Amino acid sequence: MNKMFSLVPPQEHGQLAEMIAQLWHSAYDDLLGAAQVDYMTSTLQSASAIDDQIMNKNYIYFYVMSDGEKIGYCAVEAEEDRLFLSKLYLKEEKRGKGIGQKALAGVAEMAKRLGLSSVYLTVNKGNARAIAAYEKFGFVRTDSIVTDIGGGYVMDDYVYEYAL
């Protein structure tokens, strides 16, 4: 059986940032517009932003793997009692094939091994496909938040949580 997650080594953070830009444009251009996606990837998911999140915020970045191929990425942050699933993105051609559900199960297993009580995430209110996937897995909507990310942009999200 192939390993689903592979830790992203520091020397590949630039390569990861390039992958992220492609994944986010595929996922969000129709929803948010290319200009906001460019802003978000350059400020929140650049190689230096990834470095900062790992060094200063306890984030861990993984590639999502399938048959030895990097098909997406995942980022988590262990908090006091729960795991924050910050990012989970797959290449467009890999979506809708059950891989996301397997990745969510893997994230839940990480949280269990860490002795945490739940996994939570934020998802754009207009991202119907992702919302459906999270709800199918068993995540429950717990809140609604708007976060100013600068540049005249906000993230308008729902908060979802999965109890372990």
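Tutor: Leaving aside residues up to four places away in sequence, Glu-12 touches Tyr-63 and Lys-70, where contact means heavy atoms within 4.5 Å. This is a predicted model, in which local features need pLDDT of at least 70 and side-chain atom pairs count only at pLDDT 80 or more, while totals for chains, interfaces and linings use all residues. Residues are numbered from 1 along each chain as its sequence is written, and side-chain values use heavy atoms, with hydrogens and water left out.

Student: With which side chain does the side chain of Glu-12 make a polar contact?

Tutor: The partner is the side chain of Tyr-63, at 2.8 Å. A polar contact is a pair of N or O atoms within 3.5 Å; within protein, one must be able to donate a hydrogen and the other to accept it, and residues adjacent in sequence count only if both atoms are side-chain atoms.

Student: Where is Glu-12 placed?

Tutor: Glu-12 sits in the loop between strand E1 (5–7) and helix H1 (13–32). Helices (H or I, at least four residues) and strands (E, at least two) are DSSP runs, numbered from the N terminus.

Student: Next, H5. Which of its residues are buried?

Tutor: In H5 (residues 128–137), Ala-130, Ile-131, Tyr-134 and Phe-137 are buried. Buried means under 20% relative accessible area, exposed over 50%, and partly exposed in between (1.4 Å probe, protein chains only).

Student: Why do they line one face of the helix?

Tutor: Seen down the axis of H5, the buried residues fall within an arc of 130 degrees, so they line one face. The arc is that of the directions from the helix axis to the C-beta atoms.

Student: What does the face turned away from the buried side carry?

Tutor: That face of H5 carries the exposed residues Ala-128, Arg-129 and Lys-136.

Student: And what covers the buried residues of H5?

Tutor: The cover includes strand E4 (82–90), helix H4 (99–113), strand E5 (118–124) and strand E7 (153–163).

Student: At what angle do H4 and H5 pack?

Tutor: The angle is about 55 degrees, with the axes 10 Å apart. Axes are lines fitted to C-alpha atoms, for helices over the stretch in contact, and angles run from 0 to 180 degrees between N-to-C directions. H4 and H5 are therefore oblique to each other; angles under 35 degrees count as roughly parallel, over 145 as roughly antiparallel, 65 to 115 as roughly perpendicular and the rest as oblique.

Student: Which residues meet there?

Tutor: Gln-101, Leu-104, Ala-105 and Ala-108 of H4 meet Ala-133, Tyr-134, Lys-136 and Phe-137 of H5.
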